[in-house]
Amino acid sequence: MFASLTGNWREYDEASGITIERDSEGAEALVGANFEFSHLARGEVGVGYLTQSYDDPTLADTSGFATHARVEWFIDPLVTVTASAVREVRDAGVVDAGGYVTNA
């Protein structure tokens with residue numbers, strides 16, 4: 001079993017007057033478990049909550065469900081199948097946008 005609390009602070013160069021202020025602070029809290037089923041499979045699954053708050057009042061803050069999971073299945077000594085899932089906040093690649101929640 002585990003519990004994890006992670007924070008971030010993102011700061012960009014000063015705005016030039018035409019762009020928005022994309023600086024932000026965020027946090028992610030997860031609880032979960034690591035497991036291993038003999039020599040056949042192992043993994044880690046964590047679920048929790050994420051939040052990201054932007055300095056610019058025109059950008060909406062983001063919060064919601066968070067997850068990080070990874071499971072490895074050892075079919076035989078030479079073949080491993082891996083499945084993973086993650087939900088997190090990422091910064092947008094667009095100048096006048098804050099960020100978005102990604103599911104992978």
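Me: What order do the six strands of the open sheet have, and what is the pairing?

Reply: In this predicted model, a strand is a DSSP run of E with at least two residues, numbered from the N terminus, and two strands pair if DSSP finds at least two bridges between them. Here the open sheet of six strands has the order β1-β2-β3-β4-β5-β6, with antiparallel pairing. β1 (2-10) and β6 (99-103) each have a single partner strand, so one side of each edge strand is left without a neighbour in the sheet. On average, neighbouring strands are turned by 15 degrees against each other, direction ignored; the axes behind this angle are lines fitted to C-alpha atoms, and angles run from 0 to 180 degrees between N-to-C directions.

Me: Over how many bridges do β3 and β4 pair?

Reply: Twelve bridges join β3 and strand β4 (residues 62-76) in the antiparallel sense. Within β4, F65 is the residue opposite Y49.

Me: Which residues make up the largest nonpolar core?

Reply: In soluble globular proteins, nonpolar side chains tend to be buried together. A nonpolar core is a set of buried Ala, Val, Leu, Ile, Met, Phe, Trp, Tyr and Cys residues joined through side-chain atoms within 4.5 Å; buried means under 20% relative accessible area, exposed over 50%, and partly exposed in between (1.4 Å probe, protein chains only). The largest such core in this protein has seven residues: I20, L30, L50, Y54, L59, A66 and V89. Leaving aside residues up to four places away in sequence, A66 touches E28, L30, G46, V47, G48, Y49, L50 and R87, where contact means heavy atoms within 4.5 Å. Of the 104 residues, 27% count as buried.

Me: Where do S38 and P57 lie?

Reply: S38 lies in the loop between β2 (24-37) and β3 (41-54). Although S38 is not a glycine, its phi is positive, about 45 degrees. S38 counts as partly exposed because its relative accessibility is 49%. P57 is placed in the loop between β3 and β4, and P57 counts as exposed because its relative accessibility is 79%. The C-alpha atoms of P57 and E21 are separated by 8.9 Å, although these residues are 36 residues apart along the chain.

Key: Residues numbered from 1 in each chain as written. Predicted model: local features only at pLDDT ≥ 70, side-chain atom pairs only at ≥ 80, totals over all residues. Heavy atoms only, no water. Helix = DSSP H or I, 4+ residues; strand = E, 2+ residues; numbered from the N terminus.
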